[in-house]
Amino acid sequence: MTPISGLRAALAGGRLAAGVLALGAPATVARAVGTTPADNPDGDYLLRLFGSRELVVGAIAAGALGPGTASRAFLLGAGVDALDAAAVLRAGRDGRFAPHRARAIASGCLAIAALGVVAAAVPGG
């Protein structure tokens, strides 16, 4: 396994794991990002939507681990992560999420997006 194929497998696996966790234990994910069902009664539903999306994007990425097939899949994931960062920053700005938590989560989203761009741009499997 090359470093780039390892990165691609880790990104795909991470998305699949996040999807399973968000679908199966949304309250755990909520606590990890610093919120509770009392803060947002619709949080479980929204986290399950996130989980569904992560499973689909992770499955697409996992299916694109071979040489020549990864670019679109990992750029798609990077785009999703960049949009997530923008959404959480807006929620922090609008007072629906603690600003310091929003910045921390957005930073993580952007870091994963950057890894996705690297995974898409570097040739090889």
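Me: What volume does the largest pocket have?

Reply: Rolling a probe the size of a water molecule over the atoms shows where empty space is left. This is a predicted model, in which local features need pLDDT of at least 70 and side-chain atom pairs count only at pLDDT 80 or more, while totals for chains, interfaces and linings use all residues. Residues are numbered from 1 along each chain as its sequence is written, and side-chain values use heavy atoms, with hydrogens and water left out. The largest pocket has a volume of about 1300 Å³; on a 1 Å grid over the protein atoms alone, a pocket is an open set of points with protein on both sides within 12 Å along at least five of seven lines, and its lining residues have an atom within 4 Å of a point.

Me: Which residues lie nearest the centre of the largest pocket?

Reply: Val 33, Leu 47, Phe 50, Val 88 and Ile 105 do, out of 39 lining residues. Helix 3 supplies the largest share of that lining, eight residues, a helix being a DSSP run of H or I with at least four residues, numbered from the N terminus.

Me: Which element gives the most to the lining of the largest cavity?

Reply: A cavity is a set of points where a 1.4 Å probe fits but cannot get out. The largest cavity has a volume of about 60 Å³, and helix 4 gives the most to its lining, with five residues. Among the lining residues are Leu 11, Arg 15, Phe 74 and Asp 81.

Me: How many salt bridges are found in the whole structure?

Reply: A salt bridge is a side-chain nitrogen of Lys or Arg within 4 Å of a carboxyl oxygen of Asp or Glu, and the search finds seven. In one of them Arg 15 and Glu 54 meet at 2.9 Å, N to O; because Arg 15 lies in helix 1 and Glu 54 in helix 3, the pair ties together parts that are 39 residues apart in sequence. Both residues are buried, that is, under 20% relative accessible area with a 1.4 Å probe and protein chains only, exposed being over 50% and partly exposed in between. Arg 15, Arg 53, Glu 54, Asp 81 and Asp 84 are linked in a network of salt bridges.

Me: Where is Arg 8 placed, and what does its side chain reach?

Reply: Arg 8 is in helix 1, residues 3-24, and is buried yet has no salt bridge, the nearest side chain of opposite charge, Asp 81, being 14 Å away. The Arg 8 side chain reaches the backbone oxygen of Ala 119 at 2.7 Å.

Conventions. Helices (H or I, at least four residues) and strands (E, at least two) are DSSP runs, numbered from the N terminus. Lys and Arg count as positive and Asp and Glu as negative; His and the chain ends are not counted. A polar contact is a pair of N or O atoms within 3.5 Å; within protein, one must be able to donate a hydrogen and the other to accept it, and residues adjacent in sequence count only if both atoms are side-chain atoms. Grid points are joined across faces, edges and corners, and a volume is the space filled by probe spheres set on the points.
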